[in-house]
Amino acid sequence: MADLATSATGFAGTVSRAVTPEQREARVAWLLAAPALLLVLVFIILPVIAVIGLGFTDFELGYADFRFVGLENYAELLGDRTFQRSLWNTAVYAGIVTPVSIFMALGLAMLIEAEGIGRSFFRTAYFLPVASLLVAMATVWQYLFHPTIGPINAMLATFGVPGPNWLGASSTVLYSLSIIGVWQSVGFNLVLFLAGLTAISRELYAAAEVDGAKSAWDRFRLVTWPMLGPTTLFVTTISIINAVKVFETVKTLTEGGPNKASEVLLFTIYQEGFVYLRVGYASAMTVVFLAILVVLMFLQYRVQDRQVHYS
Amino acid sequence: MTSLSLTPGRLIRLSILGFGALVFLAPYIFMVSTAGKAQSDIFTSSLSLVPQQWFYVQNFAKALSRVSMGTLLMNGVIVCALILVIQVVIAIPCAYAMAKLKFRAARAMMVLVMLGLLVPIHATALPLYVAFDRVGALNSYVALVAPFTISVFGIFLFLQFFRAMPDDLIHAARLDGMSEPGIIARVIVPNAWPAITAFSIFSVVAHWNDLYWPLIVVANQAYATPPLGLLYFRAAEAGDDYGALMAATLIITFPLVAAFLFAQKRFVEGITMTGLKG
């Protein structure tokens, strides 16, 4: 910081007569942004270019030689049943976790905001999973979900309901992972919504009431929802990205099983690239993964552009 | 809102919040309870929360003997601290320039940040792994920290926060003859603690939790971070010894939970502070 300070002022001092204040400001801005830009280049842009390039090769770790194979990797992906299974599972997981965690968080945030007592307790309780080591808590969930000794099935049994083999059956494993995913992400969204709600001026609600917004639903529709627009956009974006990136729970609890029923995108890429060391093929998968994120983000903006109101 | 009379609506609200909180806290309750149960106890009475025989000492001893918990936690602290400090020092000047200074590239950089938000470590891991492998930097703190020194999420967060700061504050500092870096250090940062605190929590939580990258670049216990260490422990601990597993889980979850409960006050202050945000 100190280096930057002296260089910026020193530089500006010598040429201050020749350049306009606008140019000087632009120059300082460049200097301030330079370290970040450099790191973005080294750790984001170049690796992304490299991964796209590697996707056209048959590069394998441990082998010095590799050749360009064109679209061969992508052709192989089209017929790869594991990869297709993994795409579908990721979509189902994200399709459950994203909306549930967003609306649950919004609902809870509004309840907490409206409630006089216990605010900080509730906030802490719901945020705690976010601050907990997911691999560790996944282990706890594995115990909770245990088909014979797990508390969840023991509880169901007291009501006479036969509990499923949560993480052990291919028909339920994805839903069980989704439950953990929701549990883990609600608190994060909740805190962001709470911050958004606190920022809404009380006067807006008063004004809406004067204008005839009598019911709670009207106040929500006319004030809360529009004013939360930027927060919701942010929360939605982050939630989808996080759901598509599910890995920890799968790696810890199921390793993609049983019968590939919980094979998700990142787990498949991890297996292919870092276990089987087929870097070229895994790079092609990564490109698909990135393309999905880009498309999602694009759709996101198209859909929400109209309803976001910047105050 | 502040009246303490229990209207039906309020009763419903409190029961929903209370029930939800109970569900969200249930895993912790069972973790603490199971960490103190003997194997036989776990198999016979999974719904009773109080252990029949207190097995805490045995379970914790087992957990501590299998994996070096101290090393794991230390590695976690070192890696998270390095990442956080570098991220903040890099992101704040950049976000300030984008939010408050006029330069042509600001728009293009905004696009870069939005695109950068889309590129997680999982997308860059393959080439970065190959590169770290080539320079022989695997199994080191450098490998664990370097890819995360830049946080576009941090830039994004600070950018939003800085934009809401009044320009007058900065103009006044400029009239006082402060340089732009001086403004960052003495005007922006002191006013940005809520954002910095919030970002710190998100960053530490993310990297304390991250399994993917450490799993890839670290192959021995000396540099293992807590999640990786727990995987080693699970691998070493065959079968359903949930007592020892929960004890290990408890040890490894505790530091961050404790840190969060401690920082919670400042965190809440940060987001509820209306001063400069409105």
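Reader: Which residues have the most contacts inside the largest nonpolar core?

Author: In this predicted model, they are Leu190(A), Cys94(B), Ala95(B), Ile155(B) and Phe158(B), and the core has 158 residues. Local features need pLDDT of at least 70, side-chain atom pairs count only at pLDDT 80 or more, and totals for chains, interfaces and linings use all residues. Residues are numbered from 1 along each chain as its sequence is written, while chains are lettered from A and ligands numbered from 1 in the order in which they are written.

Reader: What makes a set of residues a nonpolar core?

Author: Its members are buried Ala, Val, Leu, Ile, Met, Phe, Trp, Tyr and Cys residues joined through C-beta atoms within 7 Å. A residue is buried if 20 or more other C-beta atoms, placed from the backbone, lie within 10 Å of its own. Helix α4 (residues 69–100) of chain B gives the most to this core, with 14 residues.

Reader: Which residues does Ala95(B) touch?

Author: Leaving out residues up to four places away in sequence, Ala95(B) touches Ile155(B), Phe158(B), Leu159(B) and Phe162(B). Contact requires C-beta atoms, placed from the backbone, within 7 Å. By that criterion, 80 residues of chain B are in contact with 80 residues of chain A. Helix α14 (residues 242–272) of chain B gives the most to the chain B side, with 14 residues.

Notes: Two residues are in contact if their C-beta atoms, placed from the backbone, lie within 7 Å. Helices (H or I, at least four residues) and strands (E, at least two) are DSSP runs, numbered from the N terminus. A residue is buried if 20 or more other C-beta atoms lie within 10 Å of its own, exposed if 12 or fewer, and partly exposed in between; C-beta atoms are placed from the backbone.
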